[in-house]
Amino acid sequence: MTGWKVGKVSFKIGNGQAPSPPVRDAQADSATLARVLEKARAGDIEGAASLAETALAGGLEHALLFNLVAGRHETEGRFEDALRLLERAHELSPQDVGVRQALGLCLYRLEHYAAARGHFEAVTAAQPDFAPGHATLGLALEALGDVRGARAAYARSLELQPGNLAALAGSASLAGRHGAHDEARALAQQVLDVTPGYPDAVMTLASAELAKGEAPAAEARLRDLILDPRATPQQQALAEGLLGDVLDAQGRAEDAFAAYRACNGRLAEAYRPRFGVGQSALAYARDLIEVVRTAPSGAWFAPAGATIGGAREHVFLMGFFRSGTTLLEQVLASHPAVVALEERETLIDAIQAFGRRPEDLIRFAGAPAAELDRLRQAYWHRVAEQGANPEGKVFVDKQPLNAFKLPLIAKLFPDAKVLFARRDPRDVVLSCFRRRFAMSATTYQMLTLQGTADYYDAAMQLGERIGRDFPLAQLAVRHEDLVEDFDGVAQGVCDFLGLEWTEAMRDFAARIRDRGVATPSGAQLSGGLSSEGVGYWRWYAQPMAPVMSTLQPWADRFGYS
């Protein structure tokens, strides 16, 4: 998320006036609006906002006034207040492109990315040559994981306005995420030449420097950003986390862990009002385990039948974050007979109907066949909405934390198969703690080391019930084995899915950029197979000591000595 202004707002009087109450002086109102507009056009936005605030307090409603005062609220960090004003402005003047662009930006800064995307799409449809609209659409698409869509939006913006900072910074970010560090560096530098200190560009350039072995330069750059008052708390936190990576690369494990902890502490504070209240993801998971444990035998059983939506095979790829699910998905996606979908919420209809609370699953266990068929159809509709066509193919639905949806999956899709990615639990938990994920109730849970370990423990408890409570065919795939014996393990996966081995599966790295990998693994996987992260937890054995009692039983169970 960027805290910098990325687009111009157009101010118009026409078609923005709400019907004036009979008691108002229309001539005086028009004069007020004219004075506000005059100051805005002269570049005195602060003066215009002050006049606008006074006019609103006096009962005059106009889209221009709401837009200006909302802008002042945003500079003060009052984004919720700004959103309410912009929504009213949009009600008054739904065709005002400037208002809609401002509304989309406010929603984006509040991380309501899907809603922001809708407004940016409307802006670019109304004004196809409006470069800032395409740039901000790219930001929203990137945040939603649509990497290819974001790349196209940034390219269109730069075609219309070659110096658009948001599009340059976004393009730089995408290049870095896919390992094209020279390209990322050049694009980020273009932004910084115009606007020194632009946070997103600073972090992209620091990442490129780190990849090129220039850790001291990256460290200095990030320390400056962490102290920069223009950066948002989230940007400062992300810079601290990236600093951890830089310190780690220099062999300074103790300092690196302190940086990771500081990053996560900043994020926990910034997101506490949204995700630090109510039932936590861990509490939900533990209640879910209890519901499954006490459910009657056969509660999640459903008769086999035509539940695979035209796919040749239906596969759920799960495990946990940083367990190797992205690598396995990319390998499978390289097969011509496979269609893979990366981390989309395809089961949302079933979750809304029966998964909001763990106890709702008791009703789901007894749901009538017609309701189950409706939810299956809704699932396949979601798959199609994401652009996947599984007809006649092996369809892979990759979502690392689908272990928490196993009651839904088993009941709705008894013919489906499960690929369960495994990796040394100590490496998994350390890696989750070190990475910066998009924030959600789930990832908020992983801002502490103990929280991550406990959440991992809950996911594995549910995964262990596959084949018992959840009657699904399963193959566990160890990440370390895939790295060490790629052909042998990949062949075993093919056998499990009824696929013929193909040499194309070895070339998965070459397709990373084209497929648009949205997860933090993208840059690493673009370099091909690597054993670099195997056993990495040993560098951090001392700070990880408090969670070993949680992780060691799983390490022993999975054969990691």
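Reply: **Cavities and the parts around them**

A search of the whole structure finds two cavities of 30 Å³ or more, where a cavity is a set of points, on a 1 Å grid over the protein atoms alone, at which a 1.4 Å probe fits but cannot get out; a volume is the space filled by probe spheres set on the points, which are joined across faces, edges and corners. This is a predicted model, in which local features need pLDDT of at least 70 and side-chain atom pairs count only at pLDDT 80 or more, while totals for chains, interfaces and linings use all residues. Residues are numbered from 1 along each chain as its sequence is written, and side-chain values use heavy atoms, with hydrogens and water left out.

The largest cavity holds about 70 Å³ of space, and its lining (residues with an atom within 4 Å of a point) includes Asn 264, Leu 267, Cys 432 and Arg 435. By class, this lining has six nonpolar, two polar and two charged residues, where Ala, Val, Leu, Ile, Met, Phe, Trp, Tyr, Cys and Pro count as nonpolar, Asp, Glu, Lys and Arg as charged, and the others, Gly among them, as polar.

The second largest cavity holds about 40 Å³, and among the residues that line it are Ser 323, Gly 324, Ala 421 and His 479. Strands β4 (417-422) and β5 (473-478) and helix α24 (479-484) each supply at least two residues of this lining; helices (H or I, at least four residues) and strands (E, at least two) are DSSP runs, numbered from the N terminus. The lining of the second largest cavity divides into four nonpolar, three polar and two charged residues.

Turning to another strand, β2 (residues 338-342) has five of its five residues buried, which is to say under 20% relative accessible area with a 1.4 Å probe and protein chains only. Val 338, Ala 340 and Glu 342 point one way from β2, whereas Val 339 and Leu 341 point the other way. Strand β2 runs parallel to β3 (residues 394-398), and five bridges join them, two strands being paired if DSSP finds at least two bridges between them; within this pair, Ala 340 stands opposite Val 396.

Helix α19 (residues 369-385) has buried residues too, including Leu 372, Leu 375 and Trp 380. The buried residues of α19 pack against several elements, among them β2 and β3, contact meaning heavy atoms within 4.5 Å. After α19 comes Gly 387, whose phi is positive, near 90°.

Terms used
On a 1 Å grid over the protein atoms alone, a cavity is a set of points where a 1.4 Å probe fits but cannot get out, and a pocket is an open set with protein on both sides within 12 Å along at least five of seven lines; lining residues have an atom within 4 Å of a point. Buried means under 20% relative accessible area, exposed over 50%, partly exposed in between (1.4 Å probe, protein chains only).
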